[in-house]
Amino acid sequence: MLLTRDTETFEIPDRLPVVPLRDVVVFPYVLMPLLIGRPGSLSAVDVAAASPERWLVLVTQRNAETAEPTANDLFRIGVVVRIQQMSRTPSGGVRVLVEAMGRVRITRFASAGGHLRASIVAAPFLTGALAAEDRARARQTLARFEEYVGLQRRIPAEVAALAQASTTEERMACAIAAHLTVRHEVRQRLLESPTLVDLLKALEELVTAETDLLRLERKIDEDVRGSLYRNQREFYLQEQLKAIHRELGQEEQDDLDGLAQQVAAKGFPDAARARAERELRKLRRMSPMSPEATVGRNYVDWMLALPWSERTDDVLDVDHARRVLDEDHFGLDEVKDRILDHIAVLALVGRLEGPVLCLVGPPGTGKTSLGRSIARALGRRFSRMSLGGVRDEAEIRGHRRTYIGSMPGRIIQAMRRAEVMNPVLLLDEVDKLGTDYRGDPSAALLEVLDPEQNRAFSDHYLEVDYDLSNVFFITTANSLATIPDPLRDRMEILRLPGYLDHEKHAIARQYLVPRQLERAGVPPASVTLEPDVVPAIVRQYTREAGVRELERRIARLARKIARQRVAAPAAATGAATHIASADLRELLGVPPFDVDENTLDDKVGVASGLAYTTVGGEILEIEVSAVPGRGRLHLTGTLGDVMKESASAALSYIRGRARMLGLEPEFLRTRDLHLHIPAGATPKDGPSAGIAIAIAMISALTGAPVRGDTAMTGEITLRGRVLGIGGLREKAVAAHRARIRHVMIPKQNARDLEELPADVLEGLQFHPVATMDEVLLLAFRNRVRPADATGDVAQPAALLSH
């Protein structure tokens, strides 16, 4: 078959492989890339590429959805193309670049080698000599196509230039037809046009129609854009109008009217109502865009949010309060009695100025949780604020409204959270308040906690008096030493000295074990603890005044039980877990404390003192060693200044009573004394170790052993008098915990014995002493009484017999 193209003639085989095309119609003179992926098409391309001339027939499918087209699915007019480039894709397809050489008619299809082959004959457009009318139609079609390309955004502008550069009307018509964005059926009809004149007429009609349609779309798009612009313009103008209204103070009128109604309905005192109404009047005259308007609006919001007359009804049932307190806490009888007394008086009087209780005790003794229980017993709402680390007075009194972002103090914020005037307000860690250049928060608390002043508490932000007299204030502290005296004077001190072992056992069984088992997902009824398990945990795994570490140990035990049940669910189903004391080492690890660590053996140069710390009472072993030297006193163990002075006073007392103690007057000329208190990394200080230091020195100098079952506390003077101390309850609990039998205390503290727990009084024998002579008789076994027990100075008879 001969195919003529312009002035060239090509000899093409009559039968060529066929590649069906989906939604694509290829026109002569067009260079087009194709992506081939179907197996039949790939086979046809491979066969064509293997031939010398690389001829191929492209024909469009009637239905693009047909995956494997047959002869009936293909049009009969197509194009013959020559493969110019070919490359394989990673997905297995082929990318080819073909050049359409001319139009052909397919006379017959046949299948061969997995692809279609077609018998073809040349079918060029019948051209002949074009009349002037046809040439004019061709120019008009080209001009319309240029407009079409300008309106159609999906066709690049270079296509119009390509059509203009065509050398013949046939090339121009094929270029235009190839780039029209119409359905493939329309393009196929263009390809099947019998003559060039017919093709030009069809193109003129089609391009004109498409151009008119694109003009209409462009007009609609411009109208829409204009509408959007008008809407945006109106929105912008409306916003400007709103801004003008805001500048005139007219838009906020409705909002301010609503605030005025709320102020009228709020139960303000007269002064607070006058201040809120005055602030509203200022807001009405003020521009809403002013920063001061924001400050004023926030102020009115705070005034409306605070409780001024709202209150809850107290539950004045003493039996109910007793049940609630006993449900939540074991022991603590003094605190519970104080709360019950308050409820009883309130039931009789009807109104009682808010008390200020200060719960002082080591960590883990239940101070914070006791505040919640008190609120529940009274039927009041509970609010808590932590004072630990607060250094700024404005945290208590609030910030002045001189800048944006100022706020009331924490007291007013707590009242807003409580939403009533008579909550239980817990001030936690009051002993950890700080002070710096910004003021003293503890001084600001004086007004808060003084019943005579807090009925008219002044917050810098509110600038009106606020009534705190109905608030039940509770403060907590670990130590009274860091609380200023004026602040301490305003509070009723209730001490929580710590729990005894039997109290810890009861707390663990009644509260801690069930709670931790439930948190671990283990039913408490399915776990059985032998009677000695809890005592073993208390003695071997904890050494504290509270129960916080005990709860952590029990929580770990509960987690281990839960892990065992998850690891063996079949064995755990319906079976109870039995825990014995022998299982504790496996479940909790090696015990950190030895039960027999505190021995009660008599020792030379070692005396047991009692110390009071923020975590409870402690036993201090004071060690003294006499070594050859020149009379110097070495002090180690991180001792504070007060304890160093106690050591110096004790040594001076011994030197003044040397003969009565059986010592040479110049005993220090050839000896040094080294005093050490173990746990050197822990600082130690306080005015209660004097007699213990003196006894340890006397024992080291004389070689007489000090009784190991005896502990002592008290300060010493140069003349041997024993001065009073503080923290007797905590020290007594520590001595009871350490299994001490005898405790020497200053005679001034004998009256404090009545406040000690009954179990401590039964387990310890207390010996009030006034002078060191009495201490010497009790600290050493089988000693001779001083020769002159009535005078200030005894005769030189030996107080210590060897």
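1. A spot to start with is E429, which counts as partly exposed because its relative accessibility is 24%, and buried would need a value under 20%. Keep in mind that this is a predicted model. E429 sits in the loop that links β11 (424–428) to α15 (441–449). Its backbone deserves a glance too: phi of E429 is near 60 degrees, a positive value in a residue other than glycine.

2. You will find R739 in the loop between α24 (728–737) and β27 (742–746). With a relative accessibility of 35%, R739 therefore counts as partly exposed.

3. Now to helix α11, residues 333–349. Its 17 residues should span 24 Å at 1.5 Å a residue, and the end C-alpha atoms are 24 Å apart, so the two values agree.

4. Which residues of α11 are buried? They are V335, K336, R338, I339, L340, H342, I343 and L346. When you look at how they are placed along the helix, recall that an α-helix has 3.6 residues a turn, so residues three or four places apart point the same way.

5. And what do the buried residues of α11 pack against? Their helical partners are α10 (318–328) and α12 (367–378). On the strand side, they pack against β9 (356–360), β14 (472–477) and β15 (492–495).

Conventions: Residues are numbered from 1 along each chain as its sequence is written. This is a predicted model: local features need pLDDT of at least 70, side-chain atom pairs count only at pLDDT 80 or more; totals for chains, interfaces and linings use all residues. Side-chain values use heavy atoms; hydrogens and water are left out. Helices (H or I, at least four residues) and strands (E, at least two) are DSSP runs, numbered from the N terminus. Buried means under 20% relative accessible area, exposed over 50%, partly exposed in between (1.4 Å probe, protein chains only). The expected span of a helix is 1.5 Å times one less than its number of residues. Contact means heavy atoms within 4.5 Å.
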